[in-house]
Protein chains: 4
Amino acid sequence: MLVRVGIIGITGYTGSELLRLLYAHDDVELTYVTAHTFAGKTLSEVYPHYLKVTDAVCRPFSVEEAVQKTDLVFAALPHGMSMGVVPQLYEAGLKVIDLSADFRLENDRLYNQWYKREHIAPQYLEKAVYGMPELYREEIKKASLVANPGCYPTSVILPLAPLAVKGLIKWETLIVDSKSGASGAGRSPSQGLHFPECTENFRAYKVADHQHTAEMEQELSKLAGERVVFTFVPHLLPMIRGILSTIYLELSEELSEEEVGAIYSDFYNEEFFIRLLPASSYPETKYVYGSNYCDIFLKYDARANRMIIVSAIDNLVKGAAGQAVQNMNIMLGFAEDKGLRIVPLRP
Amino acid sequence: MLVRVGIIGITGYTGSELLRLLYAHDDVELTYVTAHTFAGKTLSEVYPHYLKVTDAVCRPFSVEEAVQKTDLVFAALPHGMSMGVVPQLYEAGLKVIDLSADFRLENDRLYNQWYKREHIAPQYLEKAVYGMPELYREEIKKASLVANPGCYPTSVILPLAPLAVKGLIKWETLIVDSKSGASGAGRSPSQGLHFPECTENFRAYKVADHQHTAEMEQELSKLAGERVVFTFVPHLLPMIRGILSTIYLELSEELSEEEVGAIYSDFYNEEFFIRLLPASSYPETKYVYGSNYCDIFLKYDARANRMIIVSAIDNLVKGAAGQAVQNMNIMLGFAEDKGLRIVPLRP
Amino acid sequence: MLVRVGIIGITGYTGSELLRLLYAHDDVELTYVTAHTFAGKTLSEVYPHYLKVTDAVCRPFSVEEAVQKTDLVFAALPHGMSMGVVPQLYEAGLKVIDLSADFRLENDRLYNQWYKREHIAPQYLEKAVYGMPELYREEIKKASLVANPGCYPTSVILPLAPLAVKGLIKWETLIVDSKSGASGAGRSPSQGLHFPECTENFRAYKVADHQHTAEMEQELSKLAGERVVFTFVPHLLPMIRGILSTIYLELSEELSEEEVGAIYSDFYNEEFFIRLLPASSYPETKYVYGSNYCDIFLKYDARANRMIIVSAIDNLVKGAAGQAVQNMNIMLGFAEDKGLRIVPLRP
Amino acid sequence: MLVRVGIIGITGYTGSELLRLLYAHDDVELTYVTAHTFAGKTLSEVYPHYLKVTDAVCRPFSVEEAVQKTDLVFAALPHGMSMGVVPQLYEAGLKVIDLSADFRLENDRLYNQWYKREHIAPQYLEKAVYGMPELYREEIKKASLVANPGCYPTSVILPLAPLAVKGLIKWETLIVDSKSGASGAGRSPSQGLHFPECTENFRAYKVADHQHTAEMEQELSKLAGERVVFTFVPHLLPMIRGILSTIYLELSEELSEEEVGAIYSDFYNEEFFIRLLPASSYPETKYVYGSNYCDIFLKYDARANRMIIVSAIDNLVKGAAGQAVQNMNIMLGFAEDKGLRIVPLRP
């Protein structure tokens, strides 16, 4: 029998991407989708690309209906709105995977500070498991509430974890220069994402001031066993999907490129979604387009005595909906790659 | 047991797209892939995005190996090369789906004229079935050699067929203005497709002189039962995937927009891959991105007494590899939408 | 002494483009710029790309200040707002070039019908001269109020004029298929122009229902000396600048491609901004990028007995601000190409 | 009387951009252009966007003709070809501005190592002045041979110079993460720049291995008065023009953001082409599009105790042809901004 799942907030980009992925998943059935603005309409009325894909009707949100119709729900709401909804679903006994930032930080003061709003459900922070399967698989299996990682954090934590857990990073030298496609900013139109001002353009933004910094530092600190602070600068790419993070650090031990490579091979040996690129293949975001892979490229800069790590993900897949489905697979006992064996779209 | 299939010419765009689609197909197994230039290399050495997707090794082409390893092959070779290879496969008893233009025209003189080269296997032209399932399903079922339609022709014939077969088109008024993404031109670099000269640019090309004209006129003539000649102007869009064709014609009978709509609903009633857009939804290529759908939009221009039909397809899917898989499904007796129930990628 | 000019509505795309062009004009001085939303701010505070270009301060609109500070003003306001402002400027004795659609139609009922709002200053319609220099140069010289043509109309009327005035067009066969860059829709963000939904996408819109149809039919009717109705379908390109219009028609006389070419050479012999492309050069919007040229390409489709004309302009230059400066040059007695000898930006 | 200038290699992207800029320059006359492949053709036959712009004819290269027809030449040849041509021009007594990399390095061994070819005219290296006007204006005034800086180096040296000359950089902490538009790779088609593989894609390349590293280290070492080695990683953006470099370093003294800002204001006080962005304006490549500006943005990351500097240039203007014209102005005694007062193109 199919497991019944719901999506709260189907019309945003992560909600839509969840639908795309779940449609190819044989063991679940999408039984409940909500959209505040479009309640009562069929999905294909809102988005014509869903014609013949689904005849689902957008519902207004209701805990009762969620409980009645689903076994697990994805909350794909904007940051700040999720914390009003997720606790109700949790208390009603549903398994919840939350794709917002609202339950990722363990400390509500950090949330208040970086997200510039007060957390209204801080008591749920400790109930949430950080949903990065490659690091927290066992906890996710038992979790009722999973906080799905942010897109930038996924592109940064995965490529740093092997060195972090071994204590091989001089943290004060860590610099992360990330570049993201525009879909990461969501579906709401704005001046900066108006097509004529975003295409054929490239910009830095929130320089050393991006809210994802807190999430990354929290997780890297846990891995490192010490308090980590580093420099993070995001940039906006004139393209839809993809994050490429270029990471610079000095090692705390002298290691050759091969030795570092071996540490990564070893650490990610069993992980289907992590791909270590050979030295001859510079990473491209198109290599992971539409897929749940996280590509990692390693280079030791011998001249400057510095390690360079480049990662690439699709921000809407491994950086959001794909990782959420991976978490669902773990929570429901399915094969972890179920519905996620996707060939990257190229060209 | 899985049916064994091969792809001759895996490294071009249609070959790659076939692999992407077949990877999601439960009833076939890709057992043989060839690539002249890269023979001996693994696919992921050639294209890093195939890492962990497949460990297939590119083979040089050999009829013997094809026969031994496969039950059906897709020929995804450049126009002109296919006619040297397909007859060998056909004579060896394999089912063949040819994605080139080499077996689409029934008349080799037309081929010589429009493709500027001599056809070297004209005796196979009559053996080939034109692989447009919505029109020739029964013939395809029994075919050993299927000539997979061109991308522009697919975007033009499907939206015209319902009126054509009913004799409702004044053919001398027919004008087709098509716009295609750049992947239609294939994988070989050229000045016109060099990124700095193709992006942020739009052009007309081969004005009233495109080789696909012959294929469209042949097929429309068959549907109409009379010799059809019309004006076709292709344009190049600064994007990867998608063809949108805007079609203008006068009807030979007075019909309302609703009556025309009813003719289309009726004609395509059972066709999963044809979607008739409501009047409120102007067609966008993104609605079909990565999928096998052909969207059709109808508008009667009452002021000028003229019918306007707009179609949209993904040139690499319904315009090439997707339609080929659809043909394979028919030839092998699978459900026609097997492996092709894909949610269009958006955003 | 420099002529003093002003721009009402500097922060929109046409206002900004006017500033760019006037900056390179030796005989005028920009002495007054208004911006409702940003009144009091320097332009470079609003748009950092103006740093070191100008220290102009955005002013709220005031007729008195306009009169005091300028000799000629460009109104670069949204459609519907202009008709509230232009009459005041006109009555105050200023020369006015209006870039909105508000004074282009000679008949306010047409305006009401196509623009879905009531015209509040219909008595000024007959005072306005349609500002297409290649056709109405003498009238523009004497005009106090010039209605600057729309972008689509410029791309359609200029390539049709030579045949229209000679009565060589079978009007009932005329079809115009236009494709425009996204800047034509202006600076206000919207869902359809949100970067992730506009890039890598192409769509038809307002099929046979675009408000510019009225303007084109009015002007073509004047040239033809008879009432003209035709089919116009606009499309949105995933790029910033450029309109390419593909125009289909039957000639009312039998003429060879060469004879048609001679008519165009003759008609536009003295026109610096009109360029007739040779048969070997298919038109590209990049050929006119940032410049005031209108490129025209002619092709006789002998098979279908139909004339095909393709035109290309930069919608913000010849389709808006450049044509406005050309009009200003005529009104002020400057050389018509003053400030407009610009090499198209390529790549 | 106009100074006569020539362009050797007019058909490449830097040659074309030179023509665009010189066309707007009142004091020079373009009297000689060469193009090996297109010798004998008019420029507008090669590039239709030059129709009505110029009727110049492409000539084969000849020192004699250069001497006879010009006073100053720009060499816009590919790296490696320039060193065969420039010495001839120099010895013939012409002023030469070379836009290739061939005369930028002072040491031919470095050239051999980084450019993987032997330098055939090493004796001219010391005759060449590094053409960065903001740093070497006096030397350029007297120079006969100017080596025009590379695009990446321009985007890196200008934003570092104020700190470098004051000894305020801990060089071992310096990391430069640069992102460039595709025109930087030149006009020759290649697989990586084939439109369908370059658009909607982003990649790192030549990680810590780019040949411009040598040029940057040479120049920064001169400014610093000590041997500088640092980490440089270039990336390829899916857009035509623009380089944005994000630069990370630790200061050797404790300075506030304001103090650093004051150092920059002071250093670049008189420089028209350097714009210091206010803290509220994150840099965008579109702010400098088509112009000769170099924008600089400063941010002190107090959490990580690190200075972040972001620069933006148009790689074809300040990064190539614009800087070359600026050098020409200095060499010929013109106002330095002559022909270069250009409003950035936006949108």
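## Aromatic rings

In chain A of this predicted model, F272(A), F273(A) and Y293(A) come together as one aromatic cluster. Counting over all chains, there are 42 aromatic pairs. A pair of aromatic rings is described by two things, the distance of the centres and the angle of the planes.

How far apart are the ring centres of Y111(C) and Y115(C), and at what angle do their planes lie? The centres are 4.9 Å apart and the planes are at 15°. Planes under 30 degrees apart count as stacked, so Y111(C) and Y115(C) are a stacked pair. Both residues belong to helix 5 of chain C, which covers residues 108-115. They sit 4 residues apart, and that is about one turn of the helix. Y111(C) has a relative accessible area of 1%, so this residue is buried. Y115(C) is buried as well, with a value of 10%.

Now for the second pair. The ring centres of F272(C) and Y293(C) are 5.7 Å apart with planes at 50°, so this pair is tilted. Here the partners link distant parts of the chain, being 21 residues apart. F272(C) is in the loop between helix 10 (257-267) and strand 11 (274-276) of chain C, while Y293(C) is in the loop between strand 11 and strand 12 (294-301). Are F272(C) and Y293(C) buried or exposed? F272(C) has a relative accessible area of 19%, and since buried means under 20%, this residue counts as buried. Y293(C) is buried too, at 1%.

## An enclosed helix in chain A

Follow chain A to helix 1, residues 13-23. Of its 11 residues, 9 are buried, so the helix is largely enclosed by the rest of the structure. Among the buried ones are Y13(A), E17(A), R20(A) and L22(A).

What do these buried residues pack against? Within chain A, their partners are strand 1 (3-8), strand 2 (28-34), helix 2 (43-46), strand 3 (72-75) and helix 11 (317-332). Another chain takes part too: helix 8 (195-198) of chain C is also on the list.

## Where chains B and D meet

Chain B and chain D each give 20 residues to their contact. Together they bury about 1700 Å², with 67% of that area on carbon and sulfur atoms. Between these two chains there are 0 salt bridges, but 8 residue pairs are in polar contact.

Which part of chain B supplies the largest share of its side? That is helix 8 of chain B (residues 195-198), with 4 residues. The side of chain B that touches chain D is made up of 10 nonpolar, 7 polar and 3 charged residues.

## Two buried residues of chain D

I308(D) lies in strand 13 of chain D, residues 306-313. Its relative accessibility is 0%, so I308(D) counts as buried. The C-alpha atom of I308(D) is 8.8 Å from that of E250(D), although the two residues are 58 residues apart along the chain.

H212(D) is found in helix 9 of chain D, residues 212-224. At 7% relative accessibility, H212(D) is buried. Not counting residues up to four places away in sequence, H212(D) touches R104(D), Y115(D), G150(D), C151(D), Y152(D) and P153(D).

Methods:
Residues are numbered from 1 along each chain as its sequence is written. Chains are lettered from A and ligands numbered from 1 in the order in which they are written. This is a predicted model: local features need pLDDT of at least 70, side-chain atom pairs count only at pLDDT 80 or more; totals for chains, interfaces and linings use all residues. Side-chain values use heavy atoms; hydrogens and water are left out. Contact means heavy atoms within 4.5 Å. Buried area is the accessible area (1.4 Å probe) that two parts lose on being put together, summed over both. A salt bridge is a side-chain nitrogen of Lys or Arg within 4 Å of a carboxyl oxygen of Asp or Glu. A polar contact is a pair of N or O atoms within 3.5 Å; within protein, one must be able to donate a hydrogen and the other to accept it, and residues adjacent in sequence count only if both atoms are side-chain atoms. Ala, Val, Leu, Ile, Met, Phe, Trp, Tyr, Cys and Pro count as nonpolar, Asp, Glu, Lys and Arg as charged, and the others, Gly among them, as polar. Rings of Phe, Tyr and Trp (its six-membered ring) pair if their centres lie within 6.5 Å; planes under 30 degrees apart count as stacked, over 60 as edge-to-face and the rest as tilted. Buried means under 20% relative accessible area, exposed over 50%, partly exposed in between (1.4 Å probe, protein chains only).
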